[in-house]
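This briefing is for a reader who is meeting the structure for the first time.

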Amino acid sequence: MTYRFETARLLFQTMQPEDLDAVSQVWGSAEVMKYCGGASTKERIQRSIEFYEHLQAEKGYSVYTVLLKDISAIIGVCGFNPGENEEEAELLYHFNQHYWGKGYATEAAAACVTDLKENNRGIKKIIAAVNPANPASGKVLSKIGMTAKGIKWFGDTKQEELCFELDLT
Ligand SMILES: CC(C)(COP(=O)(O)OP(=O)(O)OC[C@H]1O[C@@H](n2cnc3c(N)ncnc32)[C@H](O)[C@@H]1OP(=O)(O)O)[C@@H](O)C(=O)NCCC(=O)NCCS
């Protein structure tokens, strides 16, 4: 079943196999993924879409496609990965570069946090990590009320990242 919620400008939906081309514009873009591990291949994106479909069914949260209502098209992705334990979820957001600078990431991140809180899925802490060279991303997190906790080394992206947290208890 497709899970949906919305804001004034944006619609959030569970990822579907037919979203592959639109999501590939985001995760397949070297520019968008510059600070987030680099561009992904279509095969990996297809597997991620399946993963996020199942994650919603299993945990009640996920990474969603973000549609701009005005044009009824996917402009990015936003939502949560499982954290290091059952009580943590990791916030992420990636938007097609044509739509940067319009407040969409802040609107989307805030909406995903509100949805997670309202639906009480056992998550007590939201975490996020940003490359210090990516100030726009840090600003999004600060604007939605997350607190910077310090720099940590991440083996998967092979970079130091600034870690943010939001306590939901
Ligand atoms: C980071 C990203 C999500 C921001 O999306 P966005 O829709 O442009 O963000 P917003 O419009 O909500 O802007 C957030 C804030 O960052 C600011 N900002 C934007 N670009 C900036 C830059 N290069 N330097 C400093 N601040 C910047 C904006 O001015 C805004 O702050 P303000 O409201 O005080 O003016 C978007 O650039 C993106 O998708 N980047 C690639 C993926 C990525 O880096 N994801 C995050 C972590 S992996």
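An unreviewed UniProt entry lists residues 10-169 as "domain: N-acetyltransferase". The model shown here is predicted. Within it, the span of residues 10-169 is 31% helix and 32% strand, and its end C-alpha atoms lie 27 Å apart.

**Shell around the ligand**

- The ligand has 19 residues around it, and the ones that come nearest are Cys36, Gly101, Gly103, Thr106 and Lys143.
- Sorted by class, the shell around the ligand consists of 10 nonpolar, 6 polar and 3 charged residues.

**Helices and strands that supply the shell**

- At least two shell residues come from each of three elements: strand S5 (88-95), helix H3 (104-118) and helix H4 (135-143).
- Helix H4 gives the largest share of the shell, with 6 residues.

- On the backbone side, an N or O atom of Tyr93 lies 2.8 Å from a nitrogen atom of the ligand.
- Ala105 also takes part through its backbone: one of its polar backbone atoms is 3.1 Å from an oxygen atom of the ligand.
- Lys139 contributes a polar side-chain atom, which lies 3.4 Å from an oxygen atom of the ligand.
- On its own, the ligand has 940 Å² of accessible area, and the protein covers 71% of that area.

Key. Residues are numbered from 1 along each chain as its sequence is written. This is a predicted model: local features need pLDDT of at least 70, side-chain atom pairs count only at pLDDT 80 or more; totals for chains, interfaces and linings use all residues. Side-chain values use heavy atoms; hydrogens and water are left out. A residue is near a molecule or strand if one of its heavy atoms lies within 4 Å of it. A polar contact is a pair of N or O atoms within 3.5 Å; within protein, one must be able to donate a hydrogen and the other to accept it, and residues adjacent in sequence count only if both atoms are side-chain atoms. Accessible areas come from the Shrake-Rupley method with a 1.4 Å probe; for residues, only the protein chains shown count as cover. Helices (H or I, at least four residues) and strands (E, at least two) are DSSP runs, numbered from the N terminus. Ala, Val, Leu, Ile, Met, Phe, Trp, Tyr, Cys and Pro count as nonpolar, Asp, Glu, Lys and Arg as charged, and the others, Gly among them, as polar. UniProt positions are given in the numbering used here, feature names are shortened, and annotations may be inferred rather than shown by experiment.
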